[in-house]
Amino acid sequence: MKVEAVKRVELITAILFSAVVLFLLIARATHGGGLWRDESDSVQLARMPTWGEMLEHLQFTSFPVLFPALIRAHTTLFGASDTSLRCFGLMVGVAFLGIAWFYSRMLFNEAPLISLTLIGLNTTFLTVGTSIRGYGLGCGLMVLAFALTAKLLLQPTARWFAAVFLAYLASMQCLFFDGVLVLQWH
């Protein structure tokens, strides 16, 4: 009975932490201000007149093709205003929350207390991770890839292998630095 009570308290605490992180993400999105220089660079690259020009100028940026492609799709659908782009950053932060819950529930059937505390309440994540740069999305996808790798090791199926492959591929196409981590895990 005591273990169930502790698990219930952990779950409630994780839900409260998630609400606090969501509040902070919304505050960041609504009070983030205008784009800074490097964010403007990402948007300028993504908004090149043609895909060919975007790919041609990719060598001058810090991120592989998936991140500018996502920014391009987002700005095409929702506009290129600062508010729209801050909402993109908000979606990256919310995706992290979802990945943290997915990882913790899938592997341990527990609430993600530590990841929410250490990463979700971290001001660097809240500012740099939600900026219009590939850091937040690339890191979130890498955490997802690690979680799927653990699941693959526990249940080796073709479905989990395909999910691991796609997660690693997506993470490396958002952030060059993820390539080093992929090489260490395989």
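## Pockets, cavities and cores

Author: In the largest pocket of this predicted model, α5 and α6 (113–120) each supply at least two lining residues.

Reader: Which element gives the most to the lining of the largest pocket?

Author: The pocket has a volume of about 260 Å³. Its lining runs to 14 residues, with Y103, S104, P112, I114 and S115 lying nearest the centre. By class, that's ten nonpolar, two polar and two charged. The top contributor, with five residues, is α5.

Reader: What about the second largest pocket: which element gives the most to its lining?

Author: This one holds about 190 Å³ of space, and its lining includes F96, I119, F125, Y135 and C139. Two or more lining residues come from each of α7 (123–129) and α8. Giving the most, with five residues, is α8.

Reader: And how many charged residues are in the lining of that second largest pocket?

Author: Take G129, G136 and G140, which are on the lining list; Gly counts as polar here. Overall, the lining divides into seven nonpolar and five polar residues, and the number of charged ones is none.

Reader: Which element gives the largest share of the lining of the second largest cavity?

Author: About 30 Å³ of space lies in there, lined by S42, L45, T61, F63, F67, P68 and I71. The largest share, three residues, belongs to α4.

Reader: Which residues touch the most other members of the largest nonpolar core?

Author: That core has 27 residues, and the ones touching the most other members are F67, I71 and L148. Two or more residues come from each of α2, α4, α5, α8 (135–154) and α9 (158–172), with α8 giving the most, at eight. As for I71, leaving aside neighbours within four places in sequence, its contacts are V43, A46, F88 and I132.

Reader: Which residues does the second, separate core include?

Author: One of them, L25, also lines the largest cavity, and F96 is part of the lining of the second largest pocket. This core has ten residues, among them V21, L25, F96 and A100.

Terms used: Residues are numbered from 1 along each chain as its sequence is written. This is a predicted model: local features need pLDDT of at least 70, side-chain atom pairs count only at pLDDT 80 or more; totals for chains, interfaces and linings use all residues. Side-chain values use heavy atoms; hydrogens and water are left out. On a 1 Å grid over the protein atoms alone, a cavity is a set of points where a 1.4 Å probe fits but cannot get out, and a pocket is an open set with protein on both sides within 12 Å along at least five of seven lines; lining residues have an atom within 4 Å of a point. Grid points are joined across faces, edges and corners, and a volume is the space filled by probe spheres set on the points. Helices (H or I, at least four residues) and strands (E, at least two) are DSSP runs, numbered from the N terminus. A nonpolar core is a set of buried Ala, Val, Leu, Ile, Met, Phe, Trp, Tyr and Cys residues joined through side-chain atoms within 4.5 Å. Buried means under 20% relative accessible area, exposed over 50%, partly exposed in between (1.4 Å probe, protein chains only). Contact means heavy atoms within 4.5 Å.
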